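Subject: Handover of a structure

Dear colleague,

Please find below the structure that I am handing over to you. My findings follow it, arranged by region.

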Amino acid sequence: MNVSHEINLLVEEIQRLGSKNASGQTSVKFGVLFNDDRCANIFEALVGTLKAAKKKKVIDFQGELLLQGVHDQVDIILLQE
């Protein structure tokens, strides 16, 4: 699977699982995304896809790397709908 395709799938999953924040942007907690069965089946390397999407400025989150458990409450914000 190519990176652009995975990022597009990630955007769809954030829209499905997330909700609008005060700024009107869609956001989802990392833990919600990581623990979702559908996401687990789609993404072989969710953290890698998140990192690539952040680099392309499709999403934003605090920090460089998200780890399950430690970063479950970190918001992943969709910058491009």
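**Helix α4 and its surroundings**

The buried residues of helix α4 are covered by elements that include α1 (3-17), α2 (30-35), β3 (59-60) and β4 (75-78). Helix α4 itself spans residues 46-55, and L46, T49, L50 and A53 are its buried residues. Viewed down the axis of α4, these buried residues fall within an arc of 100 degrees, so they line one face of the helix. Just after α4, K57 takes a positive phi of about 60 degrees.

**Confidence**

Please bear in mind that this is a predicted model. The protein chain has an average pLDDT of 94, and 99% of the residues score at least 70. Among the elements of the chain, β3 has the highest mean pLDDT, at 98, while helix α3 (residues 37-42) has the lowest, at 94.

**The sheet**

Four strands make up an open sheet in the order β1-β2-β4-β3, with antiparallel pairing. Its edge strands are β1 (19-20) and β3, each of which pairs on one side only.

The strand pairs are as follows:

- β1 and β2 run antiparallel and are joined by two bridges. K20 has T26 in β2 as its bridge partner. The hairpin of these two strands has five residues between them, and G24 takes a positive phi near 85 degrees there.
- β2 and β4 run antiparallel and are joined by three bridges. S27 has I77 in β4 as its bridge partner, and V28 stands opposite I76 in β4.
- β3 and β4 pair in the antiparallel sense over two bridges. Here D60 has I77 in β4 as its bridge partner.

What are the two faces of β4, covered and uncovered? I76 and L78 form the covered face, and D75 and I77 the uncovered one. As a general point, side chains in a regular strand alternate between the two faces of the sheet.

**The nonpolar core**

The largest nonpolar core has 20 residues, and those with the most contacts inside it are L10, I14, L33, L50, I59 and I76. The elements that give two or more residues to this core are α1, α2, α4 and β4. Helix α1 gives the most, with five residues.

I76 illustrates how several parts of the chain meet. Setting aside residues up to four places away in sequence, I76 touches I14, T26, S27, V28, F30, L33, L50, I59, D60, F61 and L66.

T26 lies in strand β2 (residues 26-29). Is T26 buried or exposed? T26 counts as buried because its relative accessibility is 5%, below the 20% cut-off for that class. The side chain of T26 makes a polar contact with the side chain of K20, at 3.4 Å; as noted above, K20 is also paired with T26 through a bridge. Not counting residues up to four places away in sequence, T26 touches I14, Q15, G18, S19, K20, I76, I77, L78 and E81.

Q15 belongs to helix α1. Q15 is partly exposed, with a relative accessible area of 36%, a value that falls between the 20% and 50% cut-offs. Again leaving out residues up to four places away in sequence, Q15 touches T26, L78 and E81. The C-alpha atoms of Q15 and A53 are separated by 14 Å, and the two residues are 38 residues apart along the chain.

E13 also has its place in helix α1. E13 counts as buried, at 1% relative accessibility. Which side chain makes a polar contact with that of E13? The partner is the side chain of R38, at 3.2 Å. Leaving aside neighbours within four places in sequence, E13 is in contact with L33, D36, R38, C39, I42 and F43. One of these, L33, is also listed among the core residues with the most contacts.

With kind regards

Methods. Residues are numbered from 1 along each chain as its sequence is written. This is a predicted model: local features need pLDDT of at least 70, side-chain atom pairs count only at pLDDT 80 or more; totals for chains, interfaces and linings use all residues. Side-chain values use heavy atoms; hydrogens and water are left out. Buried means under 20% relative accessible area, exposed over 50%, partly exposed in between (1.4 Å probe, protein chains only). The arc is that of the directions from the helix axis to the C-beta atoms. Contact means heavy atoms within 4.5 Å. pLDDT is the predictor's confidence in each residue, from 0 to 100. A polar contact is a pair of N or O atoms within 3.5 Å; within protein, one must be able to donate a hydrogen and the other to accept it, and residues adjacent in sequence count only if both atoms are side-chain atoms. Two strands pair if DSSP finds at least two bridges between them. A nonpolar core is a set of buried Ala, Val, Leu, Ile, Met, Phe, Trp, Tyr and Cys residues joined through side-chain atoms within 4.5 Å.
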